[in-house]
Amino acid sequence: MMEKTFIHRLFTLFPKAIAHKLLLMWMFILVSWVIYFSLKDHTKFLFSLRNSISLNHWNTFRNSTYLEAPPNPEISPTETELRIESIMEKLDQLIPPRPFTNVSSTTSAAHSRATLLSPRDTYCRGDQLDVLLEVRDHLGRRKEYGGDFLRARIFSPALKAGASGKVTDFNNGTYLVSFTLFWEGQVSLSVLLIHPSEGVSALWRARNQGYDRVNFTGQFANGTSPVFSKCGLTLHTTAELCEYLDYRDQEAFYCLKPPHVPCEALTHVTTRNADISYIRQKEWALFHRSNVGVEIMKNFASIKVSACGKNKNIETKCRLGMKSPFPSGYTVKRKWIAAFCKQIELNETKTINDCLKRKLIYLMGDSTLRQWIQYLPKMVKTLKYFDLHGVGPFKTHVLLDAERHTLIQWKKHGHPFITQSLFSVKDDNYIPREIDRIAGDKDTAIVITLGQHLRPFPIKIFIRRAINVQKAIERLFLRSPETKVILKTENTRRLFDNAEMFSDFHGYIQNLIMRDIFMDLNVGIIDAWDMTIADSTNNIHPPDYVIENQINMFLNYIC
């Protein structure tokens with residue numbers, strides 16, 4: 001009725017027949033223009049309007065008949081897009097393509113040679129020990145380029161002590177492996193060839209080729225019988241889609257729209273690994289168990305380290321904003337000791353309770369951070385679980401100490417999240433949006449970890465997410481600069497997991513990216529990567545003593 005009235009009024013303004021025809025023609029052209037541009041490339045069209053549309057929440061539902069890859073940037077590259085491309089250029093230079101014809105021409109741990117530089121009968125605590133590594137192929141020929149993924153470590157089993165070593169690649173087939181001798185006693189040396197450079201090149205190429213190594217299935221509420229539908233970070237189809245878009249941060253998740261079910265009815269998601277690989281058939285030999293994590297220094301005898309009167313103590317207390325070196329510390333008797341700041345051993349309940357009093361602590365990330373909230377009640381008996389009525393291991397977990405006004409919350413990060421368990425997405429959010437919701441103050445602390453669930457996807461997904469998190473932290477510091485933010489790096493995992501999807505090489509690259517992006521922020525670093533190498537845990541979920549060391553480092557930052 002209103003539409004008819006509107007058209008009638010227009011015609012009264014233009015009484016002549018010619019004017020009527022011109023008006024109708026104008027209206028037809030306008031409608032045709034809108035339809036043409038929305039059908040031609042509705043994704044770009046919508047994103048071009050984002051500056052004039054205010055969205056209160058990322059979870060905006062729309063139907064679609066066409067889809068590209070994750071949301072394309074505007075025609076003019078944004079600052080984020082330029083940063084992503086800049087980081088990609090650096091990584092491509094760091095990981096150049098390497099020719100592969102046969103395993104025999106790749107790096108061999110057995111044929112490579114390690115030489116101890118300036119050997120001595122006795123070394124002193126605090127000394128640096130250097131090893132020159134010359135890598136050769138399986139036929140004993142000297143390699144002329146670098147790029148091998150190596151893991152260096154010193155350890156003393158009797159002391160339950162360990163530390164990582166620093167590897168310098170000269171890009172000519174030689175490496176300098178440097179160890180800091182942090183403790184006294186008999187010390188053994190280890191350099192593992194995790195992947196030869198040809199395997200690294202294959203992993204890098206394969207990672208950035210596709211999004212479909214993981215199958216996502218969405219569960220939609222539909223009365224008493226839920227409906228399941230295919231979902232993902234991209235879906236190459238002309239079928240009608242549900243789009244779950246974050247316009248500001250250019251993040252996206254999609255599902256095939258179930259017939260007669262609204263997009264808003266999506267409640268849960270689960271995943272399965274797809275039977276898809278971008279590693280070439282002959283390259284898979286590089287990732288056979290016998291070729292992964294092979295010791296290069298197995299014939300080296302242990303060395304003796306003495307005190308030599310050296311006992312330099314670090315006096316600077318651990319605080320936010322300190323640069324974390326590599327190695328950032330070491331373990332003795334399974335206790336982590338930072339190499340760059342003075343730690344206070346918080347092992348008494350009263351001390352920890354005093355530290356946590358009136359604290360609001362938000363843990364954001366994956367299950368390696370959920371381990372904290374599972375371990376904390378063992379350290380602090382007054383922390384009690386508060387039931388938020390969720391179901392399953394990936395629900396939001398909350399600990400409360402009402403008497404001391406302490407709240408600790410763990411919430412998983414947004415898509416992609418990989419697990420065969422069905423998890424709720426009813427209140428799902430990306431970490432930047434969660435940070436935006438926090439008021440912040442001197443008694444608020446946020447811990448963030450990101451990476452394990454992003455390893456199977458093109459690296460640009462991870463880079464974009466890390467940049468978005470950085471921007472959210474900057475916004476938080478503008479409104480509440482006294483808020484404490486700590487980044488927990490990824491930890492290592494089993495060497496023999498599906499290398500294409502989960503190799504620690506992917507985690508190593510993501511750690512480099514995180515350090516580059518967050519370099520200038522006033523945040524603390526908990527180097528879980530370094531800790532798990534020192535303890536040689538090789539488990540995505542490290543044992544309790546590693547978790548206790550991580551929490552102790554966290555408490556040193558906030559107390």
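Phe 394 counts as buried, at 15% relative accessibility. Buried means under 20% relative accessible area, with a 1.4 Å probe and protein chains only. A word on the model. This is a predicted model, where local features need pLDDT of at least 70, side-chain atom pairs count only at pLDDT 80 or more, and totals for chains, interfaces and linings use all residues. Residues are numbered from 1 along each chain as its sequence is written, and side-chain values use heavy atoms, without hydrogens and water.

Which residue pairs with Phe 394? Phe 417 does, edge-to-face, at 5.1 Å centre to centre and 75° between the planes. Rings of Phe, Tyr and Trp (its six-membered ring) pair if their centres lie within 6.5 Å; planes over 60 degrees apart are edge-to-face, under 30 stacked, the rest tilted. Phe 417 is buried too, at 0% relative accessibility.

By this rule there are 10 aromatic pairs. Take Phe 149 and Phe 505: their centres are 5.9 Å apart and their planes at 70°, so this pair is edge-to-face. Phe 149 is buried at 7% relative accessible area, and Phe 505 at 4%. Phe 149, Phe 505 and Tyr 508 form one aromatic cluster.

Now Thr 483. Thr 483 is buried, with a relative accessible area of 2%. Its side chain reaches the backbone oxygen of Ser 480 at 3.0 Å. A polar side-chain atom of Thr 483 also lies 3.2 Å from the backbone nitrogen of Asp 441.

Last, a charge. The charged end of Arg 334 sits over the ring of Tyr 545, 4.3 Å from its centre. For Arg, that needs CZ within 6 Å of the ring centre and within 35 degrees of the ring normal.

Note on methods: Buried means under 20% relative accessible area, exposed over 50%, partly exposed in between (1.4 Å probe, protein chains only). A polar contact is a pair of N or O atoms within 3.5 Å; within protein, one must be able to donate a hydrogen and the other to accept it, and residues adjacent in sequence count only if both atoms are side-chain atoms.
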